[in-house]
Amino acid sequence: MTIKLKKQTIKILRELKKKAGEVVAKDLALELNIDYIVLMSAINDLIDNDLGGFREDEIYQISLNDEGINYLTKGLPERQLLNILLENDIKEINIDDLLKRSKIEPSIFYIGVSNLKKNRWIAQSKASGENRIYLTAEKFPQTEIERFLQIFEGKTMIDYSTLSKNEIKLLDQLNKRKLIKKTRKNQRTLYLTDKGKKIAVSEIQELRQISKITPEMLSLGTWKNYELKPFDVSKPGPLLKAGRIHPMNKLINEIREIFLSMGFTEIRGPIVESAFYNFDALFQPQDHPAREMQDTFYLSNPKTAKLPESDRVNAVKETHENGGDSGSQGWGYEWDINEAKKTVLRTHTTATTIRRLAEFYRNNDKVPVKVFCIDRVFRNEKVDRSHLAEFTQVEGIVIDDGATLCDLIGLLSEFYRKLGFKKIITRPGFFPYTEPSMEVSVYYDKLGEWLEMGGSGIFRPEVTYPWGIKDPTRVLAWGQGLERIAMLYFDRKDIRDLYINPIKWLRSQSY
Ligand code: PHE
């Protein structure tokens with residue numbers, strides 16, 4: 001059967017034959033000065049006839065940032081410093097004098113000095129009582145990293161995939177020195193199939209196809225010369241780039257609906273929180289490791305927080321020191337109010353539920369109280385594919401007379417069932433503020449695995465007594481991170497995607 005193709009498609013086929021290999025679609029569109037969409041529609045015609053195709057790859061491109069570009073022309077800081085020494089015939093110099101002479105910003109100057117040492121071009125000594133450096137080498141050949149930097153000469157971008165193993169190592173060094181920028185994009189590469197390579201263009205008939213018949217065509221009868229293009233209802237229509245609710249917000253709304261359907265009310269609390277509500281009121285001792293700077297963001301502005309009424313602060317103090325009236329012995333140390341006044345970025349939404357206990361006390365509220373909170377929390381974590389320093393927690397509490405662990409398990413089962421997890425298990429856990437404490441895991445059918453979701457428990461008397469909540473009134477509590485569920489729901493392997501917002505992913509979400 002003879003193949004019929006549109007004039008434009010035949011032209012593209014001819015071009016691809018000329019190239020005799022793979023071509024980047026964007027490059028070809030540029031070269032032929034045709035619209036990318038027109039090109040891709042021609043490629044689709046080739047695909048339909050099994051003559052060609054395209055491959056989609058994610059590519060990384062690398063370029064120098066402003067500082068990198070500066071070094072490309074002036075030399076890396078170590079080379080700049082070396083040149084000062086050589087031009088002025090300096091064999092040794094006080095480091096501060098060199099700093100002054102170089103007019104280089106101190107932070108960059110010291111990077112330069114440290115690399116001079118690494119290259120073994122200088123030695124540093126404080127033996128004389130001053131901090132001096134000495135030229136120790138005689139030759140100062142171009143270093144590997146300097147040679148590598150040159151590949152950016154005259155280029156704005158280079159393709160990551162063109163780099164050798166060794167070059168990638170050098171690139172890492174430039175990256176560590178914060179001299180490069182990375183961009184990620186999708187690239188389509190066009191190719192011909194064996195059939196496409198073999199076929200002679202002369203074998204192909206030009207298709208004169210139209211999708212509309214005009215009145216002239218009818219009156220002149222020329223419509224007979226054309227082939228009518230059939231409608232293909234299976235082809236996707238044009239992409240609608242309308243705004244839509246972010247998937248994370250949709251998920252939050254769904255969870256909010258679940259809580260509301262279970263009779264809970266939403267509460268919110270401040271992000272800038274006192275250590276008092278974040279830790280002390282949760283019976284977390286003041287030397288607890290979670291309070292340390294490596295885990296928690298402390299703020300210098302505002303530096304101190306207002307504490308609640310002094311009798312309540314006192315009740316918390318007593319609980320820490322000797323258990324107060326909670327029946328506990330407390331931690332047996334001297335509680336420091338200044339530690340409690342420190343301001344932190346809330347590390348968990350439990351701080352907000354404790355505020356609800358305080359309100360319960362002030363308003364003399366009646367049980368039952370069922371509230372939830374879905375909100376941002378902060379931890380001093382190194383950000384990677386499974387950790388964020390700023391994330392969302394989902395938390396709920398129930399204040400009721402005679403509430404039991406069975407009630408809590410029932411609530412958790414119902415909550416997770418509504419979220420789509422039919423089976424849950426609870427295991428003994430530990431939190432400083434609950435007793436008993438349970439870890440909650442749910443069964444995820446799609447993976448056939450149990451996944452740990454979060455913590456739960458009954459607030460200890462040490463937590464509830466300062467707010468007048470005493471047996472038989474108890475507080476059931478549970479909380480978990482939202483992003484872990486979101487990663488499962490949206491099938492994202494990298495937690496950062498939820499906030500970096502890859503546009504392709506967002507556009508693929510339903511309305
Ligand atoms: N606050 C705990 C966390 O951040 C979760 C939790 C909430 C545990 C309530 C027990 C009770 O992981």
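Lys19 is partly exposed, at 33% relative accessible area; partly exposed covers the range between buried (under 20%) and exposed (over 50%), with a 1.4 Å probe and protein chains only as cover. Its side chain meets that of Glu31 in a salt bridge, 2.8 Å from N to O. A salt bridge here is a side-chain nitrogen of Lys or Arg within 4 Å of a carboxyl oxygen of Asp or Glu. The model is predicted: local features need pLDDT of at least 70, side-chain atom pairs count only at pLDDT 80 or more, and totals for chains, interfaces and linings use all residues. Residues are numbered from 1 along each chain as its sequence is written, and side-chain values use heavy atoms, with hydrogens and water left out.

**Salt bridges**

- The structure holds 32 salt bridges.
- Lys19 lies in helix H1 (residues 7-19) and Glu31 in helix H2 (residues 25-32), so their pair ties together parts that are 12 residues apart in sequence. Helices (H or I, at least four residues) and strands (E, at least two) are DSSP runs, numbered from the N terminus.
- Glu31 is partly exposed, with a relative accessible area of 49%.
- Arg177 pairs with Glu78, and the closest N and O atoms are 2.9 Å apart. This pair links distant parts of the chain, 99 residues apart: Arg177 is in the loop between helix H9 (165-176) and strand E8 (180-192), and Glu78 is in helix H5 (residues 77-87). Both Arg177 and Glu78 are buried.
- Arg362 forms a salt bridge with Glu309, with 2.8 Å between the closest N and O atoms. Here too distant parts of the chain are linked, 53 residues apart: Arg362 is in helix H16 (residues 350-363), and Glu309 is in the loop between helix H13 (275-278) and helix H14 (310-322).
- Arg362 counts as partly exposed at 41% relative accessibility, and Glu309 counts as partly exposed at 26%.
- Glu22, Arg55 and Asp57 are linked in a network of salt bridges.

**Helix H5**

- H5 is mostly covered, with eight of its 11 residues buried.
- The buried residues of H5 are Pro77, Glu78, Arg79, Gln80, Leu81, Leu82, Ile84 and Leu85.
- Asp89 follows H5 and has a positive phi, near 55°.

**Ligand site**

- The ligand is surrounded by 13 residues, and the closest are His348, Thr350, Arg379, Gln393 and Tyr433. A residue is near a molecule if one of its heavy atoms lies within 4 Å of it.
- Thr350 has a polar side-chain atom 2.9 Å from a nitrogen atom of the ligand.
- An N or O atom in the side chain of Arg379 is 3.0 Å from an oxygen atom of the ligand.
- For Tyr433, a side-chain N or O atom lies 2.8 Å from a nitrogen atom of the ligand.
- Taken alone the ligand exposes 330 Å², and the protein buries 90% of that. Accessible areas come from the Shrake-Rupley method with a 1.4 Å probe; for residues, only the protein chains shown count as cover.

**Surface patch**

- Ile213, Leu218, Trp223 and Leu228 make a nonpolar surface patch of about 380 Å². Patches are made of residues with over 30% relative accessible area and no salt bridge; like charges are joined within 9 Å, and nonpolar side chains (Val, Leu, Ile, Met, Phe, Trp, Tyr) within 5 Å.
- Trp223 sits in the loop between helix H11 (215-220) and strand E11 (227-228), and at 36% relative accessibility Trp223 counts as partly exposed.

**Cysteines**

- The disulfide count is zero, where a disulfide is a pair of cysteine sulfur atoms within 2.5 Å.
- Cys373 is buried at 0% relative accessibility, whereas Cys406 is exposed at 63%.
- Cys373 and Arg256 are 117 residues apart in sequence and 8.7 Å apart in space, C-alpha to C-alpha. Arg256 lies in helix H12 (residues 247-261) and counts as partly exposed, at 23% relative accessibility.

**Backbone features**

- Asn301 and Pro302 are joined by a cis peptide bond with omega about 0°; Pro302 is in the loop between H13 and H14.
- A cis peptide bond also joins Glu435 and Pro436, with omega about -5°, and Pro436 lies in strand E18 (residues 434-444).
- Asn33, a residue other than glycine, has a positive phi near 55°. Asn33 is in the loop between H2 and helix H3 (36-48) and is exposed, with a relative accessible area of 69%.
- Asp50 has a positive phi near 60°. Asp50 is in the loop between H3 and strand E3 (52-64) and is partly exposed, with a relative accessible area of 45%.

Definitions and conventions:
Polar contact = N/O pair within 3.5 Å; in protein donor to acceptor, adjacent residues only side chain to side chain.
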